[in-house]
Amino acid sequence: MLSWQSRKIKPKQLLKSTIKLAKQAIKMANIQLEDIGLIVHGGVYKEHFRSEPAFATHIQGGLSLHCTPLTMDSAQCFSFDVSDGSCSPHIALQTIADILPSMNSKYALLCVGDDRPTKHCEWNEESYCFVAVISMSGIGPRLISVDFDDGKFNSNLTVKGFFDEEVNGNKIVELGDLKFQETKHERNYFSGHQQWLCGLHMHKFHSIMNAQNDTLEHCIVDRSGKSTTAKWEF
Amino acid sequence: MERENHYAEMVSFAAYLPEKTVETKSFAGTKDLPGSLDFVRLTGITSHHEVAKGQGSLELAVQAGKKAISRAGIEPNSLGLIINASVSKMNTSLDQHLSPSLATLVASELGAKNAQTFDVSNACAGMVTALMIAESRIKSGKIDYAMVISGEFITPIIDEAKRRNLYLHPRALASLTVGDGSAAYILGSSKHKGRIKFSEPFTFAQYNRHCIGQASKNHIGPQMRTKARDLQNGVFNNIGTFLQRSLIHMDVKWDQIDHTYSHPTTPKAVKKGAKIASDLLGEINFLHNDSADTANTASTTHGVLLEKSQNSGHLNSDETAILISFGSGLAILAMHFNLPAGVENWS
């Protein structure tokens, strides 16, 4: 991970903030915008529950990155989204690690965050936007592995969007009740609160990353009980 | 990272179409549309399939998944990865599934206890995007089998379009071209190199507002708004160069591709695209453009067409196919692969 940026965002600000942070992260990584060949967004909630196109295409468009007709030697960028509850940032990282080596470009943008879908949705969560420049160069914190554990997955603890006729608009409902797992921070291990959104998980983790000098495990436990653990080396 | 002498191949594929069929002229006749538009003549779509009571995106996907597992002759526990690529993630009440991934629920239904699960969103290009991720994961040697799956319950956008005055909302017209369906692919490890090859993947983000799918703001269910002609031109303006670059990148010869499948927005659009391709590269050996009675089933279209080809006895183990994929955004990518062993004998 060459560079990263994060900030707290207000409703409807995810795209604007992501583009701003992406420009900062690219500058910090000391590369050119045109060097980015892959954009992967990880998150759950999008404005009006947008299902297409991928949010990442709006980031690419907002950056005006390779938005030109194709020629036989023009540079490329490919953009798409991944999602798996709060574990989405780790899935996005893993996906970049999977496919970046086979692409012509050696730099990817990891973008993480959630937007309040509609004004009718209860939104008590702290929403953060997180952007990082990822490369295969080995410079910066190195992702060693991402492991998953679905052993505690509870199919009753899902989240859905629905139309509420009383308010004539779309809302979110979190099904099932659970006692949230609290934040856990030991010397080489960090696990955020189970109720956090994707962006906050990454923001908090990276704020402790700077002080690390050997290894660090970052565990994200989704509301559904699913979890992922990313192992980092410094 | 690619493990030495460790590659990927297509082990099986399957598609499922719900039984109920609806004729296009029953909801898009000349009296229903602006300018007495002959929608069947314009698009080439004569009918589509619609879900039965109790079926949503998940239920559709599971049907295709079960068939793909049976054809692959593996146990669900052998799957190390399941990626769901549905654009629609709706249940029968039109609620949208948000978290965790729909793939998690698919895995539970299929009994795939060892699979990592997540969703990929890349509109109609989602399944081929997910296949690219799955292939990389298999080549890394971390897993032996991966499933890419999608269930598309999208016909509620037809109802939404019908509710609109299409004279005032022509961007809802493309919503009349869709159908429900599902598809699944299983990739497995192989000792043979080159049985699956991908093109360079592209996103032409200058077209990222030409097709927007989201929840209706003041009504239950989803809606889609499309600048269909502009989006189609985005494809046509780039498809020739894309195919030329892809053949070089994949080291594949055009005349040696046995079966060609393009994302069928409409059969008429595929015909136009095929003309551009054949004028530039030569005749297409076998263009499978048989979506007149299934319509555009979003991310699952290639799987649906492959299933129809298999059912018609057109596919053989020693042959190759190319899937050319387009999705809102505008995403364009392609996958060339050897057809699975025994494909001609599947029931």
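Helices (H or I, at least four residues) and strands (E, at least two) are DSSP runs, numbered from the N terminus. This is a predicted model, in which local features need pLDDT of at least 70, side-chain atom pairs count only at pLDDT 80 or more, and totals for chains, interfaces and linings use all residues. Residues are numbered from 1 along each chain as its sequence is written, and chains are lettered from A and ligands numbered from 1 in the order in which they are written.

**View 1. Chain A has four helices and 12 strands.** Its radius of gyration (taken over C-alpha atoms) is 18 Å, close to the 17 Å that the globule rule (2.2 Å times the number of residues to the power 0.38) gives for 234 residues, so chain A is as compact as a globular protein of that length. The C-alpha trace of chain A spans about 55 × 45 × 25 Å along its principal axes.

**View 2. Chain A meets chain B through 52 residues from chain A and 52 residues from chain B.** Two residues are in contact if their C-beta atoms, placed from the backbone, lie within 7 Å. Among the elements of chain A that each supply at least two residues to this side are helix H2 (55-62) and helix H3 (88-99). Strand E3(A) gives the most, with six residues.

**View 3. Strand E7 (159-164) of chain A pairs with strand E5 (residues 96-99) of chain B.** The pairing is antiparallel, over three bridges; two strands pair if DSSP finds at least two bridges between them. Gly161(A) has Gln96(B) in E5(B) as its bridge partner.
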